Amino acid sequence: MISYSEVPIQEVKADWLTPSQIRLLVRREDLNHPLVSGNKWWKLKYNLKAAKEAGHKTLLTFGGAYSNHIFATAAAAKEEGFKSIGVIRGEETLPLNPTLSFAKHRGMKLHYVSRAAYRLKDDPAFMDELKKEFGEFYLIPEGGTNALAVKGCSELGAKLSETQFDYLCLPVGTGGTLAGIASGLEGSGSIIGFSTLKDGHFLNDAVEVLINDCNSKSYHNWKIETAFHFGGYAKTTTELQRFIKEFQTNHSIPLEAVYTGKMMFGIREMVKAGYFRKGSTIMAVHTGGLASNIFST
Ligand SMILES: *Cc1c(COP(=O)(O)O)cnc(C)c1O
């Protein structure tokens, strides 16, 4: 089992919270593990267990060149004694960026495929090709989202429910983490997932399916907020960059521009617009994503 550190819940005191008397708490899951940090720890937990129990020696997964999931999988594989293969979208670009350089140093074999081929990654024929080339492996899908990932994140949801709050906020990519947390909270609180993808509307169906796969239930206490994607996945603006810098200076909480920065910016805008009930408590989940900023060897 990969190690887990208990994480603090930090209160943010900001002038934009004062008029509405809102308490903003941040659960620092970015501190749960030095490398396999944030939501990726919870998403990998039961996948690693299943791979081990089935006797697999190798993990194979997919991702873009800046994927936190690739970074986390490489680190977890190394810690747990698996070989790992990362099927990377696009051509190799040298020098390797910090994410891929880290993955390679942890022993991940990087296998580059064209964008066209990458799109066929769910094709059985493509899977067969990979098996021919690499032998047997335990497959973790792109972004790490599958039923076992949702199960892991439901445990995070259960942990979250130990603290009182009215709203639960988190950033969303594939929706796996949101589905798990919603399952673990079992209908309590009002959950807002901030989509970092431009066309986040597909998430309404995707999350519903993932929740149902996890515990055969359906909850209605969550929604996808699509107004804070800043142009789409990994797109940023100087305004967002400035916000992230100021937030770190004022509150000693580091954020990044792909996920957590967009969520926190969205929370501030919605607080200012009067979206949250006066006097309520917001719990924001810091889902990590910072490790690749720190390790650039
Ligand atoms: C991967 C990631 C997410 C998105 O998680 P999903 O389960 O795909 O929605 C959110 N935040 C961070 C920091 C991530 O690395």
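In which loop is Gln-21 found? The legends below begin with that residue.

View 1. The structure is a predicted model in which local features need pLDDT of at least 70 and side-chain atom pairs count only at pLDDT 80 or more, whereas totals for chains, interfaces and linings use all residues. Residues are numbered from 1 along each chain as its sequence is written, and side-chain values use heavy atoms, with hydrogens and water left out. Gln-21 is found in the loop between β1 (9-12) and β2 (23-27), where strands (E, at least two residues) and helices (H or I, at least four) are DSSP runs numbered from the N terminus. The phi of Gln-21 is near 50°, a positive value in a residue other than glycine. Gln-21 counts as exposed because its relative accessibility is 52%, given that exposed means over 50% relative accessible area, buried under 20% and partly exposed in between (1.4 Å probe, protein chains only).

**View 2. Ser-216 in the loop between α8 and β9 (222-225).** The phi of Ser-216 is near 55°, again a positive value in a residue other than glycine. With a relative accessibility of 63%, Ser-216 counts as exposed.

**View 3. The packing of helix α2 (residues 68-80) with helix α3 (residues 98-105).** The two helices pack at an angle of about 15°, with their axes 9 Å apart; axes are lines fitted to C-alpha atoms, for helices over the stretch in contact, and angles run from 0 to 180 degrees between N-to-C directions. That angle makes α2 roughly parallel to α3, a term for angles under 35 degrees, while those over 145 count as roughly antiparallel, 65 to 115 as roughly perpendicular and the rest as oblique. The contact (heavy atoms within 4.5 Å) is made by Ile-70, Phe-71, Ala-74 and Ala-75 of α2 and by Thr-99, Leu-100, Phe-102 and Ala-103 of α3. These residues divide into 7 nonpolar, 1 polar and no charged, where Ala, Val, Leu, Ile, Met, Phe, Trp, Tyr, Cys and Pro count as nonpolar, Asp, Glu, Lys and Arg as charged, and the others, Gly among them, as polar.

**View 4. The packing of helix α1 (residues 39-53) with helix α6 (residues 147-160).** Here the angle is about 130° and the axes are 7 Å apart, which makes α1 oblique to α6. Residues of α1 in the contact include Trp-42, Lys-43 and Tyr-46, and those of α6 include Leu-148, Cys-153 and Glu-155. The residues of this contact divide into 7 nonpolar, 3 polar and 5 charged.

**View 5. The buried and exposed faces of helix α5 (residues 124-134).** The buried residues of α5 are Phe-126, Met-127, Leu-130 and Phe-134. They lie on the same side of α5 because they cover an arc of only 100° around the axis, the arc being that of the directions from the helix axis to the C-beta atoms. The buried residues pack against β3 (58-63), β4 (83-89), β5 (108-113), α4 (115-119) and β6 (138-140), whereas the face turned away from the buried side carries the exposed residues Pro-124, Glu-129 and Lys-132. Just after α5, Gly-135 takes a positive phi of about 80°.

**View 6. The cis peptide bond that joins Leu-94 and Pro-95.** Omega of this bond is about -5°, and Pro-95 has its place in the loop between β4 and α3.
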